[in-house]
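Dear colleague,

I am passing on the structure below, and I would be grateful if you kept it open while you read the notes that follow.

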Amino acid sequence: MILSVENGCFSYKHSKDNLLENINFSVGPGDLVAILGPNGAGKTTLLRCIMGFLKWNSGKSTLDGENIRDIPHKKLWKDIAYVPQAKSTVAAYTVEEMVLLGRSSHFSMLSLPKEQDLEIVHKVMDEMNLTKFTHKKCSQISGGELQMVLIARALVSEPKILILDEPESNLDFKNQLLILDTVTKLYNQGISCLFNTHYTKQAIQRANTSYLLRKSGKSSIGETREDITEQN
């Protein structure tokens, strides 16, 4: 499965200039792509445009050649999992319920989750050290803990492509390593991963490809160790 952006341009209504200009790249099976750039360069906006949450002014995002905006939501969320930054939540869900939501594309709205769904949820929660929060409300845990919950929610969907918006935000060093190790494990299993980060070192250590955004709207993509230079 290949996720592509073709000639993507985007600007907010209040701006005359494009924040993102002529974005072109593809993420294929087993690719681990890091998006880097200064604050205000559009890293989060790029992910939101890719997913169809924001509409490109021109250009498009495609999944195996089909425009993402034309793909039924349930089908799309079986193939792609998106992890936003965990800023706050007003949800009354418990941690277990929040993670279980990640399996919703695998059963119908009127059916109950199967035993297999619960097994996958508990396995991922255990791997992410979340079992101790099983019955806690998401509103009662820290921002870093919620970030881990949202990542677990994405993983239980068993996606072919995983997209993460600054997955290390709000996390201590130990959990940053846990997330990066998890992403690397998925990459080694042939799952495509795309994440944005402020940490150049993490991109160098983990990503095979890096996409560099600049505030000018320009961008460049290439092999990480060749693209991330002192000059760039």
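In what order do the strands of the four-stranded open sheet lie, and is the pairing parallel or antiparallel? The order is E2-E1-E4-E5, and the pairing is antiparallel; two strands are taken to pair if DSSP finds at least two bridges between them.

Before going further, please bear in mind that this is a predicted model, in which local features need pLDDT of at least 70 and side-chain atom pairs count only at pLDDT 80 or more, whereas totals for chains, interfaces and linings use all residues. Residues are numbered from 1 along each chain as its sequence is written, and side-chain values use heavy atoms, with hydrogens and water left out. The helices (H or I, at least four residues) and strands (E, at least two) are DSSP runs, numbered from the N terminus.

Six of the eight residues of E1 are buried (under 20% relative accessible area, with exposed meaning over 50% and partly exposed in between, for a 1.4 Å probe and protein chains only), so E1 is largely enclosed by the rest of the structure.

Strand E4 contains Thr 62, which counts as buried because its relative accessibility is 2%. If residues up to four places away in sequence are not counted, Thr 62 touches Ile 2, Leu 3, Ser 4, Glu 6, Asn 67 and Ile 68, where contact means heavy atoms within 4.5 Å. By contrast, Lys 13, which lies in the loop between E1 and E2, is exposed, with a relative accessible area of 89%. The C-alpha atoms of Lys 13 and Phe 133 are separated by 42 Å, these residues being 120 apart along the chain.

The mixed sheet

Six strands form an open sheet in the order E6-E7-E8-E3-E9-E10, with mixed pairing. Its edge strands are strand E6 (80-83) and strand E10 (219-223), each pairing on one side only, and the twist from one strand to the next averages 15°. E6 pairs with strand E7 (residues 161-165) in the parallel sense over four bridges, and Ile 80 stands opposite Ile 161 in E7.

The helices

Helix H1 (residues 43-51) lies across strand E3 (32-36), E6, E7, strand E8 (192-196) and strand E9 (209-213), and runs at about 145° to E7; angles here run from 0 to 180 degrees between N-to-C directions, and axes are lines fitted to C-alpha atoms, for helices over the stretch in contact. Seven of the nine residues of H1 are buried, so this helix is largely enclosed by the rest of the structure. The buried residues of H1 are Lys 43, Thr 45, Leu 46, Leu 47, Cys 49, Ile 50 and Met 51. After H1 comes Gly 52, whose phi is positive, near 90°.

Helix H6 (residues 173-188) packs with helix H5 (residues 143-155) at an angle of about 15°, the axes being 12 Å apart. H5 and H6 are therefore roughly parallel to each other (angles under 35 degrees count as roughly parallel, over 145 as roughly antiparallel, 65 to 115 as roughly perpendicular and the rest as oblique). The residues that make the contact are Met 148, Ile 151 and Leu 155 of H5, together with Asn 175, Leu 178, Ile 179, Thr 182 and Leu 186 of H6. H6 also lies across E3, E7 and E8, running at about 150° to E8.

Finally, helix H3 (residues 95-100) contains Glu 96. Leaving aside neighbours within four places in sequence, Glu 96 is in contact with Val 121, His 122, Met 125, Thr 134 and His 135. The C-alpha atoms of Glu 96 and Leu 118, 22 residues apart along the chain, are separated by 9.3 Å.

With best wishes
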